[in-house]
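Keep the viewer handy and follow along.

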Amino acid sequence: MVAAPDDKGTMMGGMPLIIDGPWTREAREHAAADEAHQAFIRYFRRAMKIRNWTPWDDLHPEEMAKNGHLLSEDTITIIQAYLGVEDYVGDYVEDGLHLLNNSRERRNLQLAWGMEELKHAEAWELVLLQSGVRTAEELKEYRDRVGDHKWTMRENHPGLDTSLGVTCYAMLQERATYFNYDEMRKRIREEYGLPEKATPLERQRGTQIGAAGAFKTVATDEIAHHGIFLELVRIYMRYLPHETLDTMLKVFNGFTMPALHILPNASDLAAAMQRTLLHTPLKQGRQVNNPVLDSMGLKNKRALERAVQEAKMLPPGLGPEHVAFSRTGEFVLSMVSDPQLANGDPALAKSIPVEEMQAD
Ligand SMILES: [Fe+2]
Ligand SMILES: [Fe+2]
């Protein structure tokens, strides 16, 4: 650990802090809840005013019907699995509400997030039905079988069934889901005989063709979800550094996507994933874990491990205005109160890949 008194201006620029301390546990939780509430308001506004699509009004079923025969069996198998995973939305929301019940801002986020997630299963049902690759009866039977199982954080991701665990897991899972859906969008475009990037016509009208357009729309939701959970983790990291970093490390060490193993036809899905290499451990590391660590201000997983060890030794009375960590996970302390020294500096928020990533 390096003490850097009076080293103002050389660290990350911080946001104005409303609470001066003393940094009791209660004060930390209160400050984190205040900032989480502000983050929720920003998220909710965008959800209501920008991501306000519905599966029945804003997708292109006629183009799905025209191009459905071009979709491969593996693509169809994987889209059906996405339908299954998204159809656990009720369980995700219910479980989260139990775990987050004592926090109003987190409860409200859980509800708003669930409202957006419910559209995704409906979108995948529409894609499969309109593409002519599944009948309404087949889809009903599949969704009924999905509903026969219950998903809980406790059983499926042991050790992460805490408020922080849910938040850190969601941050990573949403980014992985965004990656998966964007890869599937590219795969569908290839099967449709379209170039990887949107054509001038698609750009002009603002939506991509058929099922590719559906994946584009849903992926935009997913990256926004990643953005809000990332923002929350960064808030918690400022006020509860050791707990947050320690939970993040647990999530990074044992990450698996939700509900895959309880889906009907799980072995067909595993075989399709192996054949297509759509989502591999290497891709998870390079395209999901590493960018998320980078957004947190950490160089790599070793830096996260180091930050966990160092955070354990932080003097308990020091608030976020006294503490920051470097990209290698080394903590820097200032004995004077310095709002410039604030972990999770908002300047880093520039690297949060929200809707802007979806420019094409
Ligand atoms: Fe989703
Ligand atoms: Fe999501």
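A crossing is left-handed if the near helix is turned anticlockwise from the far one by less than a right angle, and right-handed if clockwise. Helices themselves are DSSP runs of H or I with at least four residues, strands are E runs of at least two, and both are numbered from the N terminus.

Before going further: this is a predicted model, where local features need pLDDT of at least 70, side-chain atom pairs count only at pLDDT 80 or more, and totals for chains, interfaces and linings use all residues. Residues are numbered from 1 along each chain as its sequence is written, while chains are lettered from A and ligands numbered from 1 in the order in which they are written.

**The overall picture**

The protein's secondary structure comes to 14 helices and three strands. Out of 360 residues, 42% count as buried; that label takes 20 or more other C-beta atoms within 10 Å of a residue's own, with exposed meaning 12 or fewer, partly exposed in between, and C-beta atoms placed from the backbone. Two residues are in contact if those backbone-placed C-beta atoms lie within 7 Å. Take the contacts between residues at least 6 apart in sequence, and 78% of them join residues at least 24 apart.

**Helix pairs**

For the pairs below, axes are lines fitted to C-alpha atoms, for helices over the stretch in contact, and angles run from 0 to 180 degrees between N-to-C directions.

| Pair | Angle | Axis separation |
|---|---|---|
| H3 and H12 | about 125 degrees | 9 Å |
| H3 and H5 | about 150 degrees | 8 Å |
| H11 and H14 | roughly 145 degrees | within 9 Å |

Start with H3 (residues 73-86) and H12 (residues 266-276), which pack at about 125 degrees. That makes H3 oblique to H12, given that angles under 35 degrees count as roughly parallel, over 145 as roughly antiparallel, 65 to 115 as roughly perpendicular and the rest as oblique. H3 passes H12 in a left-handed crossing. On the H3 side you'll find Asp74, Thr77, Ile78 and Ala81, meeting Asp268, Leu269, Ala272, Arg275 and Thr276 in H12.

H3 also packs on H5, with an angle of about 150 degrees, so H3 is roughly antiparallel to H5. This crossing is left-handed too.

H11 and H14 cross at roughly 145 degrees, and their crossing is left-handed. Their contact includes Leu245, Leu249 and Phe252 of H11 along with Leu304, Val308 and Ala311 of H14.

While you're on H5 (residues 104-130), have a look at leucine 126. It is partly exposed, with 19 other C-beta atoms within 10 Å. Beyond its neighbours within four places in sequence, leucine 126 touches Pro55, Leu59 and Pro61.

H13 (residues 281-295) has 15 residues and reaches 20 Å from first C-alpha to last, close to the 21 Å expected; the expected span is 1.5 Å times one less than the number of residues. Where does H13 bend? The bend, about 30 degrees, is at asparagine 289, and proline 291 follows within four residues. (A bend is the angle between axes fitted to the seven residues ending at a residue and the seven starting there.)

Val288, Asn289, Val292, Leu293 and Ser295 of H13 are buried, and their cover includes H8, H10, H11 and H14. Asparagine 290, also in H13, is partly exposed with 15 other C-beta atoms within 10 Å.

H8 is mostly covered, with 23 of its 30 residues buried. Its end C-alpha atoms are 42 Å apart, which agrees with the 44 Å its length should span.

**Positive phi values**

Most residues other than glycine have a negative phi. Glycine 297 after H13 has a positive phi near 90 degrees, and glycine 193 after H8 has one near 80 degrees. Alanine 259 is no glycine, yet its phi is near 70 degrees; alanine 259 lies in the loop between H11 and H12 and is buried. Asparagine 265 has a positive phi of about 55 degrees, sits in the loop between H11 and H12, and counts as partly exposed.
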